[in-house]
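Have the structure open as you read.

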Amino acid sequence: MIKSDAFQIHLAGLAKGSQSLNPLYVFSGDEPLLMMEAVDSLRVFAKTQGFTERDVMVQDRYFDWPLLLSVGQSMSLFGDKRFVELRMPTGKPGREGADVLKQFANGLGSPGSEIDVIVCMQLPRLDMKTKSSAWFMALDEAGMAVQIDSIERSQLPQWIAKRMSLQSQSVEPGEVGQRSLQWMADQVEGNLIATHQEIQKLGLLYPSGVISDEQIRAAVLKVARYDLFELTEALLSGDAARLNRMVDGLQGEGEPLPLILWGISDELRTLNRAQAALVAGESLPTIFRNYRIWGKREKLYPMALKRIQPKKLKQALVLAANLDKQAKGLWVRDLPANPWDGLRLVGSLLR
């Protein structure tokens, strides 16, 4: 399985003629914009190579899996080469689907051979269990599997700058420009499609060249979208300003407070167990494995464990439990009248 950067290198190789089209491409990821752009770029190139007929199939509970086996056997109505998209929203083919996918993968021609059909599968972000399944490994071996990673918050300002450069625009040089990018990232975080639209808006409103901080602030709307996982990341990193923005955003979007408090409490309990295990002499890799701390959290936990005092952590646990009672209609002494404000207090304890 390759990352997006390697796929872009593959596309460049296709354009130069140094690489050949594969009969199968499998894209997985949870970022709709990046997924759409990757598939579109492949489809556009395939069209230049004669794959002008496009078929789209969507897997649902009534999907006819044997239909997939006939894709490479049935002739196009007009005799053209075909570009077939199979969208699997859940990424779970079931037993019948898994068997068909393995059979389909085994029946594909090898890369570089003459092909009349390209199959492009689109799946959500896959966990390790799915990546190690027999059906996915068969697809990966028969074609090219591409993992489309989301843009992390720390990478967002530079991603915005790169997208602006594609339309011949840039921010002011130096610290002023970096502040503009950081401000814009705050406005659009968690909503990459809207980020793309705001950048396009800059291209429509202003000519090529340097865009001032005042122009950016006048044009860009606040379209940020947050979720519970990003909130706990801000909590672990001790970024109080980001956490407060997320609390405002989640409250404005009408997210259920008990669900948010459940997620925060669960993270605090994991953090408390990890601290106790560290004091007992366990290594970080063992702690991460025992408490299922993976991905971005694996990078944030060492700093959080070092930064957060055990006393403050226990206070945060008690506060979160009391806020949960308050959010469910119970009266609890010495709490803010609005439990959303209490979330900010939890964050302040963990700075």
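In this predicted model there are 21 salt bridges, each being a side-chain nitrogen of Lys or Arg within 4 Å of a carboxyl oxygen of Asp or Glu. Three of them are set out here.

| Salt bridge | N to O distance |
|---|---|
| Asp 55 and Arg 82 | 2.7 Å |
| Asp 149 and Arg 125 | 3.1 Å |
| Arg 217 and Asp 213 | 2.8 Å |

Let's start with Asp 55 and Arg 82, whose side chains meet in a salt bridge. Asp 55 belongs to strand β3 (residues 53-58) and Arg 82 to strand β4 (residues 82-87), so this pair ties together parts 27 residues apart in sequence. Arg 82 is buried, at 10% relative accessible area, while Asp 55 is partly exposed, at 22%. Here buried means under 20% relative accessible area, exposed over 50% and partly exposed in between (1.4 Å probe, protein chains only). Helices (H or I, at least four residues) and strands (E, at least two) are DSSP runs, numbered from the N terminus.

Next comes a pair within one helix. Arg 217 and Asp 213 are 4 residues apart in helix α10 (residues 213-219), which means about one helical turn separates them. Asp 213 counts as buried at 13% relative accessibility, whereas Arg 217 is partly exposed at 40%. Elsewhere, salt bridges with shared partners join Asp 40, Arg 43, Arg 54, Glu 85 and Arg 87 into one network.

A note on conventions: residues are numbered from 1 along each chain as its sequence is written, and side-chain values use heavy atoms, leaving out hydrogens and water. Local features need pLDDT of at least 70 and side-chain atom pairs count only at pLDDT 80 or more, while totals for chains, interfaces and linings use all residues.
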